[in-house]
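The structure is shown first.

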Amino acid sequence: MSIAALCSDRVLLNDWHVIADLTNLSAHEPFQTRLLGVDLTVYCRGRYNKEVLRNDTGALVNATKRYGFLWACLGKPERDIVFVPEAEEEDRYLLTGGSIAVKVSGLRTVENFLDMGHFPFVHTGWLGEEPHTEVAPYKVELTAADELVATECKFYQPVASPTAKEGFVVDYIYKVIRPYTVALYKSNPVQKERLDVITLFVQPVDEENCVAHPFLCYLKDGSDEAGIRNFMQLIFAQDKPILENQLPKRLPLDPRAETPIRADAVAVLYRRWLRDKSVTYGAIPARM
Amino acid sequence: MLDLAKSRWHPIAAAHDLPLRHVFHGQLLGREFAVWRADDGYVNIWENRCLHRGVRLSIGINDGRELKCQYHGWRYSNRTAGCTYIPAHPADAPARTITNRTFAAVERYGLVWSAEEPQGEVPEVSGFAEGKLLALRAIPVNAPADVVAAQLTGYRFQPSGNIDGSAAKVAVEASNAFSVALRSSEGDASTLAVLFVQPVDSNRSVIRGVLDSEVEGAARLAVLRHHNELLSRLRVAVEAEAAREPAPAPLEPIIERVSPELAEMPEETTHGRKATIRVQVTRKWSAADGIAGFELRPLKGLLPTFQPGAHIDVHLPNGLIRQYSITNGPGESDSYVIGVKLERDSKGGSTCLHETVREGDVLAISEPRNNFPLRRDAIQTLFIAGGIGITPLLAMAQALNNQSLGHELHYFAQNQAQLAFPEKTKTLGASLKPHLGLSPDQTGAKLREILSGYGPDKHVYLCGPGPMLEAARAIAAEMGWPETAVHFEYFKNTNVIDDSTSFEVALARSCMTLTVPAGKTILEVMRDAGIDMPSSCEQGACGTCLATVIEGEPDHQDVYLNDAERKSGTKIMTCVSRAKSARLVLDL
């Protein structure tokens with residue numbers, strides 16, 4: 001299999017994907033990137049206009065800006081960019097968290113984002129700590145809007161966020177919005193009844209490479225932008241080497257490829273959901 | 001050719017690549033291995049991925065006995081590669097067998113050998129004496145193995161005894177697609193070198209050379225450098241030649257699928273034995289010869305109150321459930337301390353606790369249950385312990401000692417080294433009476449002596465091996481002790497259970513009639529009907545699943561009830577006992 005195999009999944013071709021953090025684009029230098037195996041060049045035309053061209057055909061690609069990112073769609077956009085309601089709330093910082101390239105399928109990256117069991121081992125001293133390793137039962141469901149939602153997720157975290165002063169049991173809600181888009185809602189350590197939101201837009205560079213673009217909607221109360229970004233990058237830097245050591249790099253959809261446990265209920269459903277949507281890009285399809 | 005290669009043995013590492021607690025990333029025919037040596041010397045060669053999420057085990061932690069995955073902390077055992085612990089579910093961990101794929105491993109000629117589907121033995125090299133060889137530095141070459149082997153027939157080097165010479169004659173003694181044996185001679189010096197070619201992938205190889213004699217000191221360095229330079233030069237030539245051919249496609253090793261049971265997400269355990277408390281093993285030590293002490297502290301909150309004589313169910317990482325008495329004295333409520341004897345005929349419970357469970361591990365335990373309660377209204381209380389039977393009695397003796405109530409703790413054991421928890425028994429002072437090394441007859445005589453002189457308000461508590469309890473109970477009866485003053489707890493029920501009968505059980509309060517068929521217990525049938533009945537040992541020894549009989553004749557098969565209780569016909573242990581009558585009415 002060639003790494004840069006082209007994508008034939010309509011659901012991905014006709015969807016919007018983040019291809020750059022706008023703050024990373026220079027007005028003078030074209031920016032090179034890749035989406036679904038297609039090499040792209042971003043040109044800045046004047047201060048506000050961006051043009052995205054395919055390197056292979058030179059054709060112009062649909063592009064737009066939102067949430068501080070540049071988005072592209074290789075096909076015909078069938079639906080709008082994911083709507084993040086928290087981005088409308090005035091008492092939140094809206095931040096891009098730094099685009100992190102990871103040498104693994106973006107689907108593996110989404111699955112890692114949905115996983116609590118690794119907190120004590122990968123994010124030791126921050127999002128978890130031995131011996132508090134147990135993943136209590138939680139609920140997972142497929143909503144009418146065709147999103148996967150995991151609720152009643154609880155985990156003890158020594159330093160749950162940039163403003164946390166002590167360890168506490170954090171409530172999480174996970175939502176898989178699209179195959180390469182996943183959101184996390186977690187209790188704010190200051191206003192405990194409200195939730196901070198991280199939406200992870202994963203750019204499928206090719207089947208075995210991705211760039212994770214976190215979009216952070218954090219309550220301003222008691223926090224600062226640099227601290228939030230720094231925390232996000234600290235956590236992601238801990239995940240990256242683990243993700244890059246997963247074999248195979250693509251996400252296997254065959255239920256017998258790996259061994260799930262109850263803590264993986266949301267991942268089991270995510271793989272099934274991808275199968276049902278016939279998403280194959282970045283996956284190893286199940287044998288029939 | 002590479003198909004044939006699967007059945008052959010190949011070197012995949014040098015023995016010195018596996019130092020203490022290291023995990024080596026091995027490769028053979030496109031497949032990756034996690035290679036690690038346990039502290040007992042055993043070399044493990046495993047598929048290089050955790051069965052859970054595919055993370056490379058070569059980045060895992062070798063703790064000397066197990067390999068721990070970096071991602072979710074799953075532990076895999078030395079030798080078997082079976083998963084011993086899943087931290088996300090400390091209560092019901094791997095009751096199923098999750099076992100990583102292992103590959104054959106042989107250490108020979110200073111190299112570690114493996115094969116995908118080995119046939120026969122590691123190649124025999126005449127003239128190689130084990131332990132007196134010199135393994136050269138491995139040289140990776142980007143070329144197919146057969147191309148490398150063919151080029152190696154032309155390898156020219158000096159014998160180790162004349163490394164500075166330049167006129168050595170080199171003869172090919174043997175060669176095939178994966179090895180070449182060469183003898184270099186000059187003057188009196190002669191060295192046999194065997195160069196094995198490890199096929200890493202279709203277009204990648206590693207040359208692993210071994211010389212027939214060890215070389216010491218500075219000369220050793222010179223010899224290693226000599227071959228290093230020459231083989232590196234050969235590498236450059238081979239790679240240049242191989243680059244002229246189109247590179248063969250990389251091999252795609254087949255990763256085996258897991259079994260269908262493992263692919264199913266396991267349900268939460270539905271058995272009635274609940275383990276609601278999570279404890280951490282904060283201390284494990286040798287409490288006596290063959291007895292391990294475990295200190296268990298709660299992960300959060302406080303441990304429930306216990307009484308002397310109480311036991312807990314410990315849910316083990318291997319899925320077994322075992323009962324252990326709490327040995328704590330009164331007020332020692334920050335942790336539970338249990339003592340576990342390594343049983344010679346262990347079915348996996350005591351072996352698991354002795355060998356697998358260690359400090360830092362999390363275990364699930366039940367709330368303490370007390371089916372062996374201690375009366376504290378006696379004038380004199382005798383405790384008679386045999387071996388590990390000390391554990392509940394130790395808690396009891398400390399309780400009476402604390403209240404300055406009269407008691408004696410008679411402790412039978414083979415020798416001083418087998419007396420458990422000396423730091424605890426020491427606090428009992430003169431009331432501790434050890435009896436060491438007695439034969440069965442001598443034990444009988446000693447029991448007679450201890451149990452002589454029964455008087456009102458005296459009670460005796462017995463715990464120990466079955467034969468000793470039988471003897472003590474018989475002697476007590478003979479010496480005039482009423483059954484109400486004789487309290488005992490068996491470790492296990494050694495009766496052969498007859499479950500061939502079939503009968504009806506009516507549950508008076510639940511208004512339910514159930515049929516107990518042959519092969520099923522009353523407890524199982526009640527559980528199937530949705531009745532939540534507490535239980536613990538489930539073999540008729542601990543007393544947890546006791547029920548009151550309103551009507552019918554029980555067929556007692558337990559070791560918990562005493563003779564008077566049996567005769568009364570009003571009590572039954574629902575885990576093993578059955579009915580002699582066609583129908584039994586229980587107060588449930």
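## Interface between the chains

Chain B and chain A bury about 3,600 Å² between them, and carbon and sulfur atoms give 52% of that area. Buried area here is the accessible area (1.4 Å probe) that two parts lose on being put together, summed over both. B:Arg53, B:Tyr71 and B:Arg257 supply 23% of the area that chain B buries against chain A, more than any other three residues. In terms of contact (heavy atoms within 4.5 Å), 40 residues of chain B meet 37 residues of chain A.

The model is predicted: local features need pLDDT of at least 70, side-chain atom pairs count only at pLDDT 80 or more, and totals for chains, interfaces and linings use all residues. Residues are numbered from 1 along each chain as its sequence is written, chains are lettered from A and ligands numbered from 1 in the order in which they are written, and side-chain values use heavy atoms, with hydrogens and water left out.

Between chain B and chain A there are seven salt bridges, a salt bridge being a side-chain nitrogen of Lys or Arg within 4 Å of a carboxyl oxygen of Asp or Glu. One of them joins B:Arg53 to A:Asp264, with the closest N and O atoms 3.7 Å apart.

## Aromatic and charge–ring pairs

Rings of Phe, Tyr and Trp (its six-membered ring) pair if their centres lie within 6.5 Å; planes under 30 degrees apart count as stacked, over 60 as edge-to-face and the rest as tilted. Over all chains, this rule gives 23 aromatic pairs. Two of them are tabulated.

| Pair | Centre to centre | Angle between planes | Class |
|---|---|---|---|
| A:Phe69 and A:Phe215 | 6.2 Å | 75° | edge-to-face |
| B:Trp36 and B:Trp46 | 5.3 Å | 90° | edge-to-face |

The phenylalanine pair links distant parts of the chain, from strand S6 (residues 69-73) to strand S14 (residues 209-219) of chain A, 146 residues apart. Strands (E, at least two residues) and helices (H or I, at least four) are DSSP runs, numbered from the N terminus. A:Phe69 is buried, at 1% relative accessible area, and A:Phe215 is buried at 1%; buried means under 20%, exposed over 50% and partly exposed in between (1.4 Å probe, protein chains only). A:Phe69 and A:Phe215 also belong to an aromatic cluster with A:Tyr67, A:Trp71 and A:Phe201.

In the tryptophan pair, B:Trp36 lies in strand S3 (residues 31-37) and B:Trp46 in strand S4 (residues 43-47) of chain B, ten residues apart. B:Trp36 is buried at 0% relative accessibility, and B:Trp46 at 1%.

A charge sits over a ring if NZ of Lys or CZ of Arg is within 6 Å of the ring centre and within 35 degrees of the ring normal. A:Lys192 lies over the face of A:Phe168, 4.5 Å from the ring centre. B:Arg283 has its charged end over the ring of B:Trp285, 3.7 Å from the centre.

## Buried positions in chain B

Helix H2 (residues 145-152) of chain B has B:Ala145, B:Val148, B:Ala149 and B:Leu152 as its buried residues. Seen down the axis of H2(B), they fall within an arc of 100°, so they line one face of the helix; the arc is that of the directions from the helix axis to the C-beta atoms. Their cover includes strand S14 (169-176) and helix H3 (217-242) of chain B.

B:Thr327 lies in the loop between strand S21 (321-325) and strand S22 (336-341) of chain B and is buried, with a relative accessible area of 0%. Leaving aside neighbours within four places in sequence, the contacts of B:Thr327 include B:Val337, B:Leu394 and B:Phe421.
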